[in-house]
Amino acid sequence: MDTTTLSLGDPLEPARKATADMLQNRERTYSLPQPFYCDDRLFDIDMQEIFHKEWLIAGMTCEIPAKGNYLTFQLGKNPIVVIRGADGVINAFHNVCRHRGSRLCTGEKGKVAKLVCPYHQWTYELDGRLLYAGTEMGEDFDMKKFGLKPVHVKVAGGYIFVSLAENPPAIDEFLSTLAHYMEPYDMENTKVAVQTTLMEKANWKLVIENNRECYHCNGSHPELLKTLLEWDDVTDPRADQAFKDHVAASAAAWDAEKIPYAHASFGLRNRIVRMPLLKGTVSMTLDGKQGCQKLMGRIKNPDLGSMRILHLPHSWNHCMGDHIIVFTVWPISAQETMVTTKWIVHKDAVEGVDYDPARMREVWDATNDQDRRLAEENQRGINSTAYQPGPYSKTYEFGVVNFIDWYSERLLSNLGAAPAPYLYGIKTQ
């Protein structure tokens, strides 16, 4: 019997309808209803309709610099492998053998000549073609029908983006701009100096919401505020004249070195903007001095502030003159999230000479842990029967409103539901 045509129905269908109803009828400037942060069925919907359909940052090109270098990651129930082919092109595949479904690559990173399944040694080329299945499969076995299942992949500015969607959303305009803004860093000649993984007992949206505002910074992030200026632009309603003057002076210096900095937004999903750090500081270290003595790419002036890159649903980044920090958020369950942080430096920078990993990471190690505790306490409170959606500040938490607007629009669209009236200025009855 060919079970591929057997349909068991969608057990999430009632939850899908309820999810759409909640989004269409919620108050826009309030936090989400409780199930969005707690419910296992809604988590499954998030995975299917957001994380399986949007573009995600799988890693950096510098992590797989040569033919056969690969990295793997887990997206929900889906193991994925990203590998550089013989022609230098980066490919992505479901990390699943076409024989009986075993994972091909079991390590996080590595280098191979071919992709060989450890179970029965089926062998694949780096472009996914099946090369060997053994004579046991019979003379009429057609290897051309059993190549690895591909995953959409795009590369720009040193970042590797993947999407599991059949037809991923348009992203090329953002990627073109990202490549331009990352040009000074020469990302092909960089390396990951250190990487951390943090498990947080909180829903992934709480992790992103926490990142999208600095309302909590004064009370929670003493290390970060030694260098970070919280405003994303001079148009921020809280930005004072001293900040605007600081931005203008910094922009003049960046212009002289042909360093891109202007605010570039692509809907609510993507944003790039370079903002100065606190006067007298050049990098996100405890003393504000360079974390790495060897600057990146063609950069000559270490005082580049921080170029902030937002990519929803799961990444934020800080790009300074001496190093780059890449954060990615990976949902594990309804109330568990993995956050990875990578510190990237010039590939010729020497550990112990040009940089001390412990010194370079201490600000964000502290900040990440502080944010973990905040998100976990947020989750514990939301789990209460007393929780009900509360109002966001229009000045301090507009970034959170923007994230939830994006999330609501994408989830409703991917569910095939009608858009929420509040997202398009439609008057409700």
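Predicted model: local features only at pLDDT ≥ 70, side-chain atom pairs only at ≥ 80, totals over all residues.

Student: What makes the radius of gyration of the chain agree with a compact globule?

Tutor: A compact globule of 429 residues would have a radius of gyration near 22 Å, and the chain has 23 Å, so the two agree. The C-alpha atoms fill a box of roughly 75 × 60 × 35 Å along the principal axes. Of the contacts with a separation of 6 or more, 67% join residues 24 or more positions apart. The secondary structure comes to nine helices and 17 strands.

Student: Why is Arg372 called buried?

Tutor: Buried means under 20% relative accessible area. Arg372 has 18% relative accessibility, so Arg372 counts as buried. The residue lies in helix H8 (residues 357-382). Beyond its neighbours within four places in sequence, Arg372 is in contact with Leu198, Met199 and Glu200. In the chain, 53% of the 429 residues count as buried.

Student: How do you know which residues make the contact between H5 and H9?

Tutor: Contact means heavy atoms within 4.5 Å. The axes of H5 (residues 204-211) and H9 (residues 398-415) come within 8 Å and cross at roughly 140°. The contact is made by Trp204, Lys205, Ile208 and Glu209 of H5 with Val400, Phe403, Ile404 and Tyr407 of H9.

Key:
Residues numbered from 1 in each chain as written. Heavy atoms only, no water. Axes fitted to C-alpha atoms, helices over the stretch in contact; angles between N-to-C directions. Helix = DSSP H or I, 4+ residues; strand = E, 2+ residues; numbered from the N terminus. Buried < 20%, exposed > 50% of the residue type's maximum accessible area, 1.4 Å probe, protein only. Rg over C-alpha atoms; globule rule 2.2 N^0.38 Å.
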